[in-house]
Amino acid sequence: SHVSKSPILRTPPTGRLLVRLRNEIFQILSTLAMAGLARGRAITVGWPRHSGERITELMTRAACNGAGFGVRNPPGKYVAPAEKDGGIDVMAWTNEATPPPAMLYFGQTASGNNWEQKPVADHARVFEVNYLQDIMTGNRGYATLMPFRIWDQRLWQAQNLFHRSLIDRLRLPPHAYNGLKQAIEGMMIDEADRVDSVVEWLTEYRDVATAQTG
């Protein structure tokens, strides 16, 4: 949350540390948070995927774990040749004894300054057409996850309506903590086995910042 224009950090993360923070660390935390929000399972869709799965393989794994849809394989004919994640970073769904889930969630991570232009609902609509079929639930949830706060309350309220739900710096940690607890209890949640990477990143960043500030 203090990567740019920080009133607190003398040495914000840059270079490789910053790239890893945005592409890996925040993805881990966001996946856990979406699991906590859904009180269910969650998968990482955003690229690059640590699992190395193609989207159709990932969606098949989700379907086998109660996501409540079939998989279009091959994908729809309008998928761009170079598409890697369809604009979706995380999917999660409520935990039920049998499919379908009561709610299917689509999440978009927004760690940059252009977050206002990244609502996930439009991406989700196209994603469903291209990759999913026979979706068993009519309930959808949409969330934009970001590592900072919006202090302007009118902007906060307006953007909640636009994005459907904003998971900000205050909302994200408790959801991620609950997601991690669910994973420890045996629920399928991507990235839960990579929490050590978050701690390792923080340790490395602290070492760099301390060395530069003396």
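**Notebook: sheet, helices and cores**

I began at one residue pair: Ala42 stands opposite Ala92 in β3. This is a predicted model, so I kept to its limits: local features need pLDDT of at least 70, side-chain atom pairs count only at pLDDT 80 or more, and totals for chains, interfaces and linings use all residues. Numbering runs from 1 along each chain as its sequence is written, and side-chain values use heavy atoms, with hydrogens and water left out.

**Sheet**

I looked up the strand order next. Five strands form an open, mixed sheet, ordered β1-β3-β4-β6-β7. Its edge strands are β1 (40-44) and β7 (166-167), each pairing on one side only. Strands pair here if DSSP finds at least two bridges between them. Helices (H or I, at least four residues) and strands (E, at least two) are DSSP runs, numbered from the N terminus.

I then checked both neighbours of β3. β1 and β3 pair in the antiparallel sense over five bridges. β3 (residues 90-94) and β4 (residues 104-109) are also antiparallel, over four bridges. In β4, Val90 has Gly107 as its bridge partner, and Met91 has Phe106.

Is β3 enclosed or open to the outside? Five of its five residues are buried, so β3 is largely enclosed by the rest of the structure. Buried means under 20% relative accessible area, exposed over 50%, and partly exposed in between (1.4 Å probe, protein chains only). Val90, Ala92 and Thr94 point one way from β3, Met91 and Trp93 the other.

**Helices on the sheet**

I followed α1 (residues 15-38) across β1, β3, β4, β6 (140-145) and β7. It runs at about 20 degrees to β3. Helix α3 (residues 120-131) packs on the sheet and touches β3, β4 and β6. Its direction makes about 125 degrees with that of β4. Axes are lines fitted to C-alpha atoms, for helices over the stretch in contact; angles run from 0 to 180 degrees between N-to-C directions. Contact means heavy atoms within 4.5 Å.

**Helix α4**

Which residues of α4 (153-163) are buried? I found Trp156, Gln159, Asn160 and His163.

I checked both ends. Asp152 caps the N-terminal end, with a side-chain oxygen 3.0 Å from the backbone nitrogen of Arg154. Arg164 follows α4, and its phi is positive, near 80 degrees.

**Cores**

The largest nonpolar core has 28 residues. Among those with the most contacts inside it are Leu32, Ala92, Leu145 and Trp201. A nonpolar core is a set of buried Ala, Val, Leu, Ile, Met, Phe, Trp, Tyr and Cys residues joined through side-chain atoms within 4.5 Å. α1, β3, β6, α5 and α6 each supply at least two residues of this core. The largest share, 11 residues, comes from α1. Another core, of 23 residues, lies apart from it and includes Ile55, Leu58, Ala124 and Tyr142.

**Arg194**

I ended in the loop between α5 (172-184) and α6 (195-213), where Arg194 sits. At 13% relative accessibility, Arg194 counts as buried. Leaving aside neighbours within four places in sequence, Arg194 is in contact with Glu24, Ile28 and His50.

Conventions:
Polar contact = N/O pair within 3.5 Å; in protein donor to acceptor, adjacent residues only side chain to side chain.
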